[in-house]
Amino acid sequence: MASPTVDADLCVSCGLCSQVCDEVFEMGGDGVAAVKDGANLGADCIQDAIDQCPVGAISA
Ligand code: SF4
């Protein structure tokens, strides 16, 4: 899977992706979700985060 990206303009800072897929996503200091440095881009939970983000802010 390609590296996921978070659309900062769409993200509503709910934190769900960082809970569903803690090994890849974290909440940045600005409240917007971000992909962690060195994240496992093969993690199955990435798709779960994409599917569950309430505003469709994550793409890959
Ligand atoms: S699940 Fe979506 S809206 Fe919620 S923090 Fe992650 S990217 Fe932002």
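Labels and their grounds

Q: Why is glycine 38 called exposed?
A: Glycine 38 has 7 other C-beta atoms within 10 Å. The label exposed applies at 12 or fewer, so glycine 38 is exposed. This is a predicted model, and the count is computed from its coordinates.

Q: Where in the chain does glycine 38 lie, and how many Å separate its C-alpha atom from that of cysteine 11?
A: Glycine 38 belongs to the loop that runs between strand E3 (33-35) and helix H2 (45-52).

Q: Why does serine 13 count as partly exposed?
A: Serine 13 has 13 C-beta neighbours inside 10 Å. Exposed requires 12 or fewer and buried requires 20 or more, so serine 13 is partly exposed.

Q: What is there to note about the phi of serine 13, and where is the residue found?
A: Its phi is positive, about 60°, although serine 13 is not a glycine. Serine 13 sits in the loop between strand E1 (5-6) and helix H1 (16-20).

Q: Why does aspartate 48 count as partly exposed?
A: Aspartate 48 has 14 C-beta neighbours inside 10 Å.

Q: Where is aspartate 48, and which residues does it touch beyond four places in sequence?
A: Aspartate 48 is in helix H2. Beyond four places in sequence, aspartate 48 touches Val20 and Cys21. From cysteine 11, aspartate 48 is 37 residues away in sequence and 16 Å away in space, C-alpha to C-alpha.

Q: Why is valine 20 called partly exposed?
A: Valine 20 has 18 other C-beta atoms within 10 Å. Buried needs 20 or more, so valine 20 is partly exposed.

Q: Which residues does valine 20 touch, leaving out those up to four places away in sequence?
A: Valine 20, found in helix H1, touches Cys45, Asp48, Ala49 and Gln52. The contact criterion is C-beta atoms within 7 Å. Between valine 20 and isoleucine 50, 30 residues apart along the chain, the C-alpha separation is 9.8 Å.

Q: What makes up the largest nonpolar core?
A: The largest nonpolar core has eleven residues, including Val24, Phe25, Ile46 and Ile58. Membership requires buried residues of the nonpolar types listed for a core, joined through C-beta atoms within 7 Å. One of the eleven, phenylalanine 25, is in contact with Cys17, Ser18, Ala33, Val35, Lys36 and Ala49, leaving aside neighbours within four places in sequence.

Q: Which residues come nearest to the ligand, and how many nonpolar, polar and charged residues form the shell?
A: Of the 14 residues around the ligand, Cys11, Cys14, Cys17, Ala33 and Cys53 come nearest. By class, the shell has twelve nonpolar, two polar and no charged residues.

Q: How do you know that the radius of gyration of the protein chain agrees with a compact globule?
A: A compact globule of 60 residues would have a radius of gyration near 10 Å, and the protein chain has 10 Å, so the two agree. The C-alpha atoms fill a box of roughly 25 × 20 × 20 Å along the principal axes.

Q: What are the elements of the protein chain, and in what order do they run?
A: There are two helices and four strands, in the order β-α-β-β-α-β from the N terminus.

Definitions and conventions:
Residues numbered from 1 in each chain as written. Predicted model: local features only at pLDDT ≥ 70, side-chain atom pairs only at ≥ 80, totals over all residues. Contact = placed C-beta atoms within 7 Å. Near = placed C-beta within 6 Å. Nonpolar A, V, L, I, M, F, W, Y, C, P; charged D, E, K, R; others polar. Rg over C-alpha atoms; globule rule 2.2 N^0.38 Å.
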